[in-house]
Amino acid sequence: IGEDGDSHFERQMAATPESPGAAQAQLSTGNRGSNACCFCWCCCCSCSCLTVRNQEEERARRTSHELQAEGIPNCEESPAPTLEEVNAWAQSFDKLMLTPAGRNAFREFLRTEFSEENMLFWMACEELKQESNKSVIEEKARLIYEDYISILSPKEVSLDSRVREVINRNMLEPSQHTFDDAQLQIYTLMHRDSYPRFMNSAIYKDLLQSLSEKSIEA
């Protein structure tokens, strides 16, 4: 994010701390401003002022476009769970979240409760932690903010005011750990609220019964 983008974002945070959606509009404006060519906007693609930094920012924009174009898959790729794995999910929430198959089953349940955004946010934070490129980190952080933190988003997750303030400060200089506090809060919410209901749901019980029957037949 360019210097102009930073100053706009800081002024926006100071003026309207409870308007993250507006802050993101300023953040996006800052991104566009930082890509301005030294000659004119109409010849940016071919002018001689393009640098390594421009190429890095272009990669971040391309990543953003690809993420939006691809959409969100309904589940992660994973082999079918074994009876042993499914039984282990009942032992702890951590064991459920440890495997793609467990997360897929839990996501299916959350979808029935219209709270899948909690898992999607948690997964997006995990993906952000794997990034090392500064431009990509900034772009992914912006997308996470717009998708799950902004009060204007239909996928907004439930966070307390303290965590939101931490995020707003962190967004001035985004990193892999910008959303750590929020991710932990959502993880705890899923553990305490959704996990017990999942264990008593038809989704879990039917899967367990199906695998048990197959085990007996074998």
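Visitor: How many aromatic pairs does the structure hold?

Guide: Eleven aromatic pairs are found here. Rings of Phe, Tyr and Trp (its six-membered ring) pair if their centres lie within 6.5 Å; planes under 30 degrees apart count as stacked, over 60 as edge-to-face, and the rest as tilted. Please keep in mind that this is a predicted model, where local features need pLDDT of at least 70 and side-chain atom pairs count only at pLDDT 80 or more, while totals for chains, interfaces and linings use all residues. Residues are numbered from 1 along each chain as its sequence is written, and side-chain values use heavy atoms, with hydrogens and water left out.

Visitor: Why is the pair of F93 and F106 called edge-to-face?

Guide: The planes of F93 and F106 are 75° apart and their centres lie 5.5 Å from each other. Helices (H or I, at least four residues) and strands (E, at least two) are DSSP runs, numbered from the N terminus.

Visitor: How do you know whether F93 is buried or exposed?

Guide: Buried means under 20% relative accessible area, exposed over 50%, and partly exposed in between (1.4 Å probe, protein chains only). F93 has 1% relative accessibility, so F93 counts as buried. F106, at 0%, is buried as well.

Visitor: Which residues touch the most other members of the largest nonpolar core?

Guide: They are F106, F121, I167, F179, M190 and F198, in a core of 39 residues. The largest share, eight residues, comes from α7. A nonpolar core is a set of buried Ala, Val, Leu, Ile, Met, Phe, Trp, Tyr and Cys residues joined through side-chain atoms within 4.5 Å.

Visitor: What makes α8 largely enclosed by the rest of the structure?

Guide: Of its 16 residues, 13 are buried, so α8 is largely enclosed.

Visitor: Why is T178 called buried?

Guide: T178 has 2% relative accessibility, so T178 counts as buried. T178 lies in the loop between α9 and α10, and its side chain reaches the backbone nitrogen of S175 at 2.8 Å.

Methods. Polar contact = N/O pair within 3.5 Å; in protein donor to acceptor, adjacent residues only side chain to side chain.
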